[in-house]
Every structure is written in structure tokens, then in C-alpha cells.
Amino acid sequence: MYAALNPTAPTTASFDPASDHAATRIVHADQQPQALVSARNVSKLYATATGVNWALDDVSLDIAPGEFVCAIGASGCGKTTLLNMLAGFVAPSQGTLSFNNAPLRAAGPDRGVVFQEYALFPWLTARRNVEFGLRLNGMDRKARRLEAERLLELVGLARAADSYPFELSGGMRQRIAVARALATKPKLLLMDEPFAAIDALTRTMLQEELIKLWKELGISVFFITHNIEEAVFLGQRVVVMSAHPGCIKEIVKVDLPYPRHREDPQFGRYYAHISEAFAHHA
Ligand SMILES: Nc1ncnc2c1ncn2[C@@H]1O[C@H](COP(=O)(O)OP(=O)(O)O)[C@@H](O)[C@H]1O
Ligand SMILES: [Mg+2]
């Protein structure tokens, strides 16, 4: 029904990892549960000195409450533009966005964002960085302090509360950024290549922690990466994007239980399938 109303709504290719023949079954988007956030036929045009650039062209995507969706694609395919739209930082040139069944027009506390760069205030301690979001919410000082401690504990950093960002490792800084993004109790956590600059061992740990946190909080996550393994490890669905113009080529449902294991042959088959789709469309 939904697909009939939205003829351009993306389809989800449900890849069957048990089959060596890579049988790809197409499942229509009407089988997605009720959306928390929805982008409908969204395009974004940037006019620059050198001409116009369709950063995104006719993208439709729903994220269900509690769902973990990864987006993967080469640099310049519009991943950040899409995330900025879902955050409410950037308005589409065409198409519509909705959040909780209401038009999405601006940023709000119901959406938390974690950027690739450590977007922390260098002059504030870990605790004060987290408190910053709570202050915006109008929480009083004592409550802020307690809540910041709870959030730092949640990301395993209670002991680093009084450290400044420059005193902490990249992984610790990103944990603080996650704690700060969670301060406003968002329903949707938007993460733009948050672990890209982090060493491989720490990155694996952060991925495991993120899955635990996501399960515990029951929130939705939209996670951008250009690492296929990361996408298969984390996402319930993986959105494969391509550039010029930026669009969705395929949405792969990753039907594996958590915690996932990289050495699992089914994991390897999803990896191979996405890498093929990625190479084909990039
Ligand atoms: N503010 C902007 N002004 C002009 N062009 C932009 C702007 N932001 C992004 N772009 C262009 O839009 C395209 C998509 O960018 P982006 O969303 O950052 O892609 P990704 O995150 O996948 O690398 C790129 O070609 C980029 O150069
Ligand atoms: Mg980007």
C-alpha cells in the first residue's frame, strides 16, 4: 500500500546469506514498520561558482523507532547532506521530511548528533561538555551534574569526568561526544563516520559499546560509514549510496542476531554482497 502511494520509495533487497548463489529477494518498503523519521523524494541542489551540484537526488528513506540503519557510500555521495537533513540543519531543495509524523523543519532535542571530528569544546572538561546540552534544556545545576555523571558512566567514562578533551584519547573523546548527544534524551542518534579516525582495536570496542547502548536505550540510530565491515557489524539495514547525483542504490537487510561475529560465514557473505553492490555503484 505504502509503495503504491510512493512509487519511488526504495525497495529493500533482503540478501539471503545462507545461499551461495546470492539470491536477492526484493521486499517492498511497505513492510517497514511505522517510521520515526521519514525522508520522502528528497533532493538537494548546491549552487556553486562552478555550477550546480545535485548532492542528493530523489532519496526516500524511513527509519523505524528503535531501528539501527547504516549508510555507506564513496566520498561525495551525499551521506552527510542526508544526515544534516535528518538533523534539521539543512533543508531539502525538493521533497519532504517528517519526524514522529510531523514535518521536520529544524534541529531539535529529539535528535542527537555525533560528528567525525571531535566536536567537543576544548576549554570544557568532559563533564562540562556533557552538561552543555543539559543547560540548553534548562536543567538546574545540581541535576545537570548528576545527569552528566550518569551519562559519562553509561559510556564508561565516569573516571574521566574532570579531564579536558586534550588529555583524552580519540576513543574517549568520541565516547564523550556520544554522552553529550544523549544528554537531551534523543529518539534518534545521528552519527557521521564517528569512528573513522580511531585506531582499529579501539574502533571495534566502540562498535560493541554502541550496540549495547542502542539496545539499552531503545533509540533509533542512523550511522554513516565508509567501512563495509562496520556497516555489517552494526546495521539492521545498510543503505548503499552512490554519487553524481547522490542516491540510494540498494538497501540491504542484515538478518543476523547481535552480538555479531566477524568470523561468522554469514557475516562474510553480507560483506561480500555489500562490497559488490558498493563497487558496482560507486
Ligand atoms: N555546503 C555545500 N555547498 C556546496 N556543495 C556542497 C556543500 N555541502 C556538500 N556539498 C557537495 O555535495 C556533495 C555531497 O557532499 P556530502 O553530503 O558531504 O557527501 P559525503 O558525506 O557522502 O562525502 C559533494 O559533491 C559536496 O562537494
Ligand atoms: Mg560526509
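**Entry 1: α3 against α4**

I began with orientation: α3 and α4 are oblique to each other, because angles of 65 to 115 degrees count as roughly perpendicular and those over 145 as roughly antiparallel, and this pair packs at about 120 degrees. I note that the model is predicted. I looked up the extents next. Helix α3 covers residues 126-136 and helix α4 covers residues 141-154. Their axes lie 9 Å apart. I also checked the handedness, and α3 passes α4 in a right-handed crossing.

**Entry 2: who meets whom**

I listed the contact residues. On the α3 side I found A126, R127, V130, E131, L134 and R135. On the α4 side they meet R144, R145, E147, A148, L151 and L152. I then sorted the residues of this contact by type: six are nonpolar, six are charged and none is polar.

**Entry 3: burial in α3**

Which residues of α3 are buried? I found A126, R127, N129, V130, E131, G133 and L134. I looked for what covers them, and the cover includes α4 and α5 (170-182). Past the helix I checked G138, which follows α3 and has a positive phi, near 80 degrees.

**Entry 4: around ligand 1**

I turned to ligand 1 and found 13 residues around it. Y46, A55, K79, T80 and T81 come nearest. α2 gives the most, with three residues. By type, I noted nine polar residues in the shell, three nonpolar and one charged.

Note on methods:
Residues are numbered from 1 along each chain as its sequence is written. Chains are lettered from A and ligands numbered from 1 in the order in which they are written. This is a predicted model: local features need pLDDT of at least 70, side-chain atom pairs count only at pLDDT 80 or more; totals for chains, interfaces and linings use all residues. Axes are lines fitted to C-alpha atoms, for helices over the stretch in contact, and angles run from 0 to 180 degrees between N-to-C directions. Helices (H or I, at least four residues) and strands (E, at least two) are DSSP runs, numbered from the N terminus. Angles under 35 degrees count as roughly parallel, over 145 as roughly antiparallel, 65 to 115 as roughly perpendicular and the rest as oblique. A crossing is left-handed if the near helix is turned anticlockwise from the far one by less than a right angle, and right-handed if clockwise. Two residues are in contact if their C-beta atoms, placed from the backbone, lie within 7 Å. Ala, Val, Leu, Ile, Met, Phe, Trp, Tyr, Cys and Pro count as nonpolar, Asp, Glu, Lys and Arg as charged, and the others, Gly among them, as polar. A residue is buried if 20 or more other C-beta atoms lie within 10 Å of its own, exposed if 12 or fewer, and partly exposed in between; C-beta atoms are placed from the backbone. A residue is near a molecule or strand if its C-beta atom, placed from the backbone, lies within 6 Å of it.
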